[in-house]
Amino acid sequence: MRSRLLFATFLLAFCAICALTQITPVKAAASEDPKPEYRTSDRCVACHNGLKTSSGEDISIGFQWRASIMANSSRDPYWQGSVRRETLDHPELTKDVEDECSTCHMSITHLVARDAGRKSEVFAHLPLTDKHNASSDAADGVTCSVCHQVEAAGLGTPATFNGNVKVLFPKDKNNRPEYGPFAPDAGHQTVMRSSTAGFVPQQAPQIRDAALCGSCHTLYTNARGKGGQVVGIFPEQMPYLEWLHSDYRTGKTCQACHMPEVTEVVPVTALYGPGRVGVRRHEFVGSNFVMEAMLNDHRTELGVQALPEELHAAANRTRNFLQTQAARVTIPSIQATARGLAIDVHVENLTGHKLPTAYPSRRAWLHVVVTDNNGEILFESGALNPDGSIVGNENDADPSRFSPHYTEITKPNQVEIYEPILKDADGKITTGLLAALDYAKDNRLLPAGFDKATATHDIAVVGTAAEDPNFTDKGSVIRYVIDTSKAQGPLRVKVELWYQPIG
């Protein structure tokens, strides 16, 4: 009797939470043949918030998620603009483009359309502030019930790449599995089934598996020629395969870096229950600090739900992540020459994939400055112009050209840029994803254990870096030979690795 009364108290507490958050448990719609269903994040936030560490740090799953790029994937204006650009370049493929690009950015609308045997749309839901077109399904981006319903079958294989995940067709509409890392008790299962209209939490190992992330983060694009015909397959984004070809595959999963672990026992729900060991923050920290700032600056136009302070904190986490965990820059040697200095600069990738990786708009480069005893600049490579272009970068000056991978730099207008450069079927440089067939250059920094000699075509080093003995999984070494014969010493050398999410 006591246990039943205690559980009744927990249920009353839960109902109070629901009332405060304007969530009312509802019954699932009757169906003769239940199909997969997806709940938006408002169904999850009520119980998975109000979580703090012993020091008072807020680790609320719902609040951290809603400030992430995952939660805002459909609000991302750069993505929206990229989709529009492809439909303008290939108007005959508009439906295919929207369907393909919604897979990982408007996950619920894509999966619902897929299960119904039709193509999903993007612009029918935009802008997300339009009460006539926008839907909560579209606005939620990569929402909780998508990742937490993915079945283990096929994960890590080509069958599930491009976001082609498997979600269970349930036999019973009131018992839809929702996978998590911990084994829930019967009380939590009952409460969640009631609050989400049929979803039941279950422990499943795939939620901790890098292959789960690899589904959307391994993206192949059909390269299109004139008239929209397929002329090949382009490996557009390969962080998962890069990770598999590194030492990290046996050491750190994607979740280990991008969902940092809480290093103490904490609960995963505010309702009741024991603390858990190994809870992971739902920050999904990455590299796109520019987008986090844009979402904050244009929150009204984009229909952003995260609070300004949450997005500000997310952008700060991203910057700190990049500055402390992404790379290491050292100067292993400085030698005197007949006319000046020979400086070796070593850049080491500390991540488990190429740096930068994924969407091919990203680039990192070396900024090297030598000054005299008065602080006057004697030499500078990699400076920024006011418009964000890089001084000396051929691709910024002329979109049909690009700067090579250097082994030695002797002039200020030479700059070492770690980047992907795309080319089309005719060998011309392009930024169009559907036009791209291959890479003209790919000297992105390699993770530890990455053997460029055995890397497959899809993750290969392309260009002169492929033959550079000083470009390996141990890092990249560039020599700067600088004329300082007319300078008054002592001289000062400053080296930084700079980065742009959008070149």
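Colleague: Hey, where does P127 lie?
Modeller: P127 is in the loop between α6 (107–115) and α7 (136–139). Helices here are DSSP runs of H or I with at least four residues, strands are runs of E with at least two, and both are numbered from the N terminus. This is a predicted model, where local features need pLDDT of at least 70 and side-chain atom pairs count only at pLDDT 80 or more, while totals for chains, interfaces and linings use all residues. Residues are numbered from 1 along each chain as its sequence is written, and side-chain values use heavy atoms, with hydrogens and water left out.

Colleague: OK, and the peptide bond from L126 to P127, cis or trans?
Modeller: That bond is cis, with omega near -5°. The peptide bond from L355 to P356 is cis too, with omega near -10°.

Colleague: Where's the place of P356?
Modeller: You'll find P356 in the loop between β6 (340–349) and β7 (363–371).

Colleague: Switching to phi: what is it near for A197, and is it positive or negative?
Modeller: A197 has phi near 60°, which is positive in a residue other than glycine. A197 sits in the loop between α9 (186–195) and β2 (199–203).

Colleague: Is A197 buried or exposed?
Modeller: A197 is buried, at 4% relative accessible area. Buried means under 20%, exposed means over 50%, and partly exposed is in between, with a 1.4 Å probe and protein chains only.

Colleague: And what phi does F284 have?
Modeller: F284 isn't a glycine either, and its phi is positive, about 50°. F284 lies in the loop between α12 (254–258) and α13 (289–297). With a relative accessible area of 22%, F284 is partly exposed.

Colleague: Next up, helices. At roughly what angle do the axes of α13 and α15 cross?
Modeller: The axes of α13 and α15 (residues 308–326) cross at roughly 165° and come within 9 Å. An axis is a line fitted to C-alpha atoms, for helices over the stretch in contact, and angles run from 0 to 180 degrees between N-to-C directions.

Colleague: Which residues make the contact between α13 and α15?
Modeller: From α13 they include F289 and L295, and from α15 they include P308, L311 and L322. Contact means heavy atoms within 4.5 Å.

Colleague: New topic: how many disulfides does a search of the whole structure find?
Modeller: The search finds 1 disulfide, where a disulfide is a pair of cysteine sulfur atoms within 2.5 Å. C104 and C216 form it, with their sulfur atoms 2.3 Å apart. The link of C104 and C216 is left-handed, with -95° about the S-S bond.

Colleague: Where in the chain are C104 and C216?
Modeller: They're in distant parts, 112 residues apart. C104 is in the loop between α5 (94–102) and α6, and C216 is in the loop between α10 (210–214) and β3 (219–224). C104 counts as buried at 18% relative accessibility, while C216 is partly exposed at 29%.
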